[in-house]
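Subject: Structure handover

Hello,

Here is the structure for your own work. Please look it over, then read the notes below.

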Amino acid sequence: MSRAFTMDLIVNLVPLLFSAALVYSDQSTVPLKSFKISENVIYDCIDIYKQPGLDHPLLRNHKIQMKPSFSPHDSTNKTGNNATYKTKIACPYGTVPILRNTKEFNTDAQIFAEKHFNQILADGLDPLTHIAGVRSEPGPYRGVQAFFKAYNLDLRDDEASYNQIYIGSGLNNGANFLMTGLMINPSLYGNDSVWTFGFFQGKDGKGCYNTGCPGFVQLSPRNPIAFPVGMKPLEAGNIHPFIHQDNQTGNWWLSTLGYNSFKVDIGYWPKELFNLMDNGGNIVGAGGVVHASPFGSSPAMGHGQFPKQPVPLDGSPTFSDVKVMNSKYESHRMDYFPIEKLLDSPQCYGIEIGINEPPHHDHRGFFFDVGGPGGNTC
């Protein structure tokens, strides 16, 4: 796979993340219990076997996998815990939380999706999207994880900013992809909160957020794939997500890692959804992404400032402990593999990779910082 193709793959897929984030509960299924987080954020506890994710035509004969076949030996978070990813949800046994959406939200999200999707078809690239991060190829890779932060930035309603990790494969003009992270996207979620999110693009070439279309199988009764993270203005939220392929079933699991080996398996994307990721992914990466308003300047990324050069050892980088699993399910620091910087708008954003070798080797492993104020010249 050529470098030009993989770069086009990354950039072309990024705007799909701003497509319809329809994370809905099927109102024809009566919830056993509901949790109201705020005025417009309600989760319904749906029977695990009747959740909307299983309605995908490729999953008609799918048998739910209740837990991963294995836990990678190096799946602990040494850098902190998921203190900011605590929910007030506790669905009864046999049910899972699915976010309920309003009709108005679905309509607004669809309009937003069609506008940006048509722009991709017309131009091939989205000039309003900017990225700063790192990636490794050509794989194959079985998983990627990182401890990273997102800040409660002040964004316009038609702007978006997020930090994420991803893994995927491309062949000719096709691509399979998985992403997860923390996002601010008022046009999609209906508020300016920082949200956790997951995203997949499967064999049909279509992308889908969270449980917005059938595909993702929610398993945790407490931790939904999409949830607003409670944060104060300009405060940082922490998360340590882990996307990994099951070594027995081939399904792709989404987990969050915590301190002292604590791990929550949120759910998974079944292997039937993909045709290019049976044996892992060819690309892994991490970084920040913003989407600008067509009527204004580009929003801030990361912590809203350019990274310091070099990243100080006593500082707090946006991404740390970034690890990748190889084809043998062995976990390594990301810089164990060839890495490439991605930065398309250096006048507005920046990336600095930390130097963390002996005698300064510490718990952060491979780390880097992304950020920038945005502006009118991006």
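I start with a cavity lining. The residues that line the second largest cavity divide into seven nonpolar, three polar and no charged. In that count, Ala, Val, Leu, Ile, Met, Phe, Trp, Tyr, Cys and Pro are nonpolar, Asp, Glu, Lys and Arg are charged, and the others, Gly among them, are polar.

First, the ground rules. This is a predicted model, in which local features need pLDDT of at least 70, side-chain atom pairs count only at pLDDT 80 or more, and totals for chains, interfaces and linings use all residues. Residues are numbered from 1 along each chain as its sequence is written, and side-chain values use heavy atoms, with hydrogens and water left out.

**Cavities**

The structure holds four cavities of 30 Å³ or more. A cavity is a set of points on a 1 Å grid over the protein atoms alone where a 1.4 Å probe fits but cannot get out; lining residues have an atom within 4 Å of a point. Volume is the space filled by probe spheres set on the points, with grid points joined across faces, edges and corners.

The second largest cavity has about 60 Å³ of space. Its lining consists of A150, Y151, L153, S161, Y162, N163, L182, I184, M301 and G302. Strand 5 (141–151), strand 6 (160–171), strand 7 (174–184) and strand 17 (301–302) each give two or more residues to this lining. Strand 6 gives the most, with three residues. Strands (E, at least two residues) and helices (H or I, at least four) are DSSP runs, numbered from the N terminus.

L182 sits in strand 7. L182 counts as buried because its relative accessibility is 2%; buried means under 20% relative accessible area, exposed over 50%, and partly exposed in between (1.4 Å probe, protein chains only).

**Fold and cores**

The protein chain has three helices and 22 strands. Of its 378 residues, 60% are buried.

The largest nonpolar core has 72 residues, and I167, L178, W269 and F368 have the most contacts inside it. Such a core is a set of buried Ala, Val, Leu, Ile, Met, Phe, Trp, Tyr and Cys residues joined through side-chain atoms within 4.5 Å. A second, separate core of ten residues includes L54, I64, I98 and W253.

Beyond four places in sequence, F368 is in contact (heavy atoms within 4.5 Å) with residues including G133, A286, P317 and I353.

**Backbone points to check**

Two peptide bonds are cis: E137 to P138, with omega near 10°, and G139 to P140, with omega near 5°. P138 lies in the loop between strand 4 (129–136) and strand 5. P140 is also placed in the loop between strand 4 and strand 5.

D321 is not a glycine, yet its phi is positive, near 50°. D321 belongs to strand 18 (residues 319–326) and is buried, at 3% relative accessibility.

**Confidence**

Mean pLDDT (the predictor's confidence in each residue, from 0 to 100) is 80 for the protein chain, and 75% of its residues reach 70 or more. Helix 2 (residues 103–123) is lowest, at a mean of 44, and strand 10 (residues 217–218) is highest, at 97. Over residues 2–7 the pLDDT is below 50. It also stays under 50 over residues 9–27.

Best wishes

How values were computed: On a 1 Å grid over the protein atoms alone, a cavity is a set of points where a 1.4 Å probe fits but cannot get out, and a pocket is an open set with protein on both sides within 12 Å along at least five of seven lines; lining residues have an atom within 4 Å of a point.
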